[in-house]
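Please look at the structure shown below and follow the explanation through it step by step. We begin with aromatic rings, then turn to a sheet, and end with a helix.

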Amino acid sequence: MLEIISGTSVKKLDADFIHDKGISSHRLMEYAATAFCDFFEKNFHRNDKVGIFCGHGNNGGDGLAIARLLWRKGYDVMVFFIGDYVKASADCRLNKELLPDKLPSVTVCDERIKLIDYDFHVLIDAILGIGVNRPLDGLYLDLVSKLNRIEDATRIAVDIPSGLPSDGCLVGEAFKADITVSFQFPKYSLLFPEHAENVGKLKVVNIGIEQPFFGQFSEGKYFLQYKDIKHRHKSFNRFAHKGDFGKVLLVGGSYGKMGAIRMSSEAAMRTGSGLVTCLSPKCGVAVLQSGLPELMVIASKDEEYLSDFEHAELDNYDAIGLGPGMGTQEITASLLKGILKNYSGPMVIDADGINILAKHKYLLPLLRENIILTPHIKEFERLVGACENHQIRLKKAKEFAQKYSCYLVLKGAHTAVNLPDGKQYFNSSGNQYLATGGTGDVLTGMITSFLGQGYCAEDAALCGVYQHGVAGELASAKKLRGTIASDVIKAIPKSFVKLRIK
């Protein structure tokens, strides 16, 4: 698990690691440059012309080391140095002195900016690092603006795009990267949707700093990766029966919106539930029974909306998922209230279930530690009010989970799983092709299934979120923006194979 710490703590973290290992700060810089170059070699050809733009701080020192290493590997590299060499950091000066004499380099000034070659295949930004605390101006603004206007070149940021604060929201302009290669852990601001066009695709590379060094700086923020998932999954032996895999109830649907709860139900099946039952209005019975013969269906009394639950015998189920397509009428609000009061097992509340909570906030105190809410951004803001930016939104999500002792999964590009104890986990799987109707309903079914299989709420949320992202990646590998939610459901079994979960 990668721990995310504030930018102000990074310098102290580096110093502690350097002292403990008995190495120089320049050696740590070499580790970072080497990790960047390892990534670069796997993705770019040696005939690609590379322009590397370096400031006079440690980020510039990283860039100069990268330039030297890439040049030695045979890349066509040119260095542009910006800033006051006299004021440069010690490691930046050392790496400038270590540049091979034959490696072309120039110092950037106003006139040089106008003459920057447009023929570069790759532009690498190592101008300013995590220490930025004010908007770009002067020569730095002119240079970044110029680089952002260059077309037909891949732009890569070293650690963080220049001009982007590490822990807050952007003011003014910043480098617009196609790829950001962040060292050891993602900087907090790289996870904000407002910064998508600056960050591009996020890649985190390991530079050798072990997790124990992060302890004293912990803020309870973590970046969820492949290696963090397998040990959270339960294992089952060959003597397991369908009861061991859990009985779950999916509650939702209304006239014209039966597709949502159908997808949740099928996703629960594909995630491994032993038995799946759906409580739906009468109008949905034929749709569900014909489309999913493995699904058991209980019809509520109302033809178009969910209206009752007494005959559903809630205690027979190991987990309940509620909300997709159910509508927000008073009759469905009454249903949600009744289930919250009469069912003590684990639950997932999504979609219209969350919208009902937003309309009837007196129900919020009924939330508890084994309940997981899965809102997208708009649904969340209906619960807590409009948020000026994602930094504020994440703060409110953390506070909401703590206040109501529940789990809150704030969906998005880096879905944030908020725990009752204040911890936040940010997901690394998935892609933009999951941004299509119904994929949230799929996630509801997956998390409900894991709860029903006996996972604790934390593991169910983390495994569900990460595996949902993996399924999205697999489903969209060939279909790209043609991917739909049903494709993601079909890819769930493949996600178990990819993650090596039996």
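Rings of Phe, Tyr and Trp, with the six-membered ring taken for Trp, are said to pair if their centres lie within 6.5 Å. In this model, which is predicted, Phe36, Phe40, Phe44 and Tyr75 form one aromatic cluster.

A search of the whole structure finds 14 aromatic pairs. One of them joins Phe81 and Tyr85, whose ring centres are 6.3 Å apart and whose planes stand at 70 degrees, an arrangement called edge-to-face. Phe81 counts as buried because its relative accessibility is 3%, under the limit of 20%, whereas Tyr85, with a relative accessible area of 32%, is partly exposed. Another pair is made by Phe400 and Tyr404, and here the rings are tilted, with 4.8 Å from centre to centre and 50 degrees between the planes. Phe400 is buried, at a relative accessible area of 5%, and Tyr404 also counts as buried, at 16% relative accessibility.

We now turn to the strands. Eleven of them form an open sheet with mixed pairing, and their order is β1-β9-β18-β17-β16-β15-β14-β13-β10-β11-β12. At the edges stand β1 (2–3) and β12 (296–299), and because each has a single partner strand, one side of each is left without a neighbour in the sheet. The partner of β12 is strand β11 (residues 275–280), and these two strands pair in the parallel sense over four bridges. Within this pairing, Ser280 has Ala299 in β12 as its bridge partner.

Finally, which residues of helix α4 are buried? In this helix, which covers residues 90–97, the buried ones include Asp91, Cys92 and Asn95. Seen down the axis of α4, the buried residues fall within an arc of 105 degrees, and therefore they line one face of the helix. An α-helix has 3.6 residues a turn, so residues three or four places apart point the same way. The buried residues of α4 pack against α2 (25–43), α3 (58–72) and β3 (76–81), while on the other side of α4 Ala90 and Glu97 are exposed.

Technical notes: Residues numbered from 1 in each chain as written. Predicted model: local features only at pLDDT ≥ 70, side-chain atom pairs only at ≥ 80, totals over all residues. Heavy atoms only, no water. Phe/Tyr/Trp six-rings, centres within 6.5 Å; stacked < 30°, edge-to-face > 60°. Buried < 20%, exposed > 50% of the residue type's maximum accessible area, 1.4 Å probe, protein only. Pairing = 2+ DSSP bridges. Arc of directions from axis to C-beta. Contact = heavy atoms within 4.5 Å.
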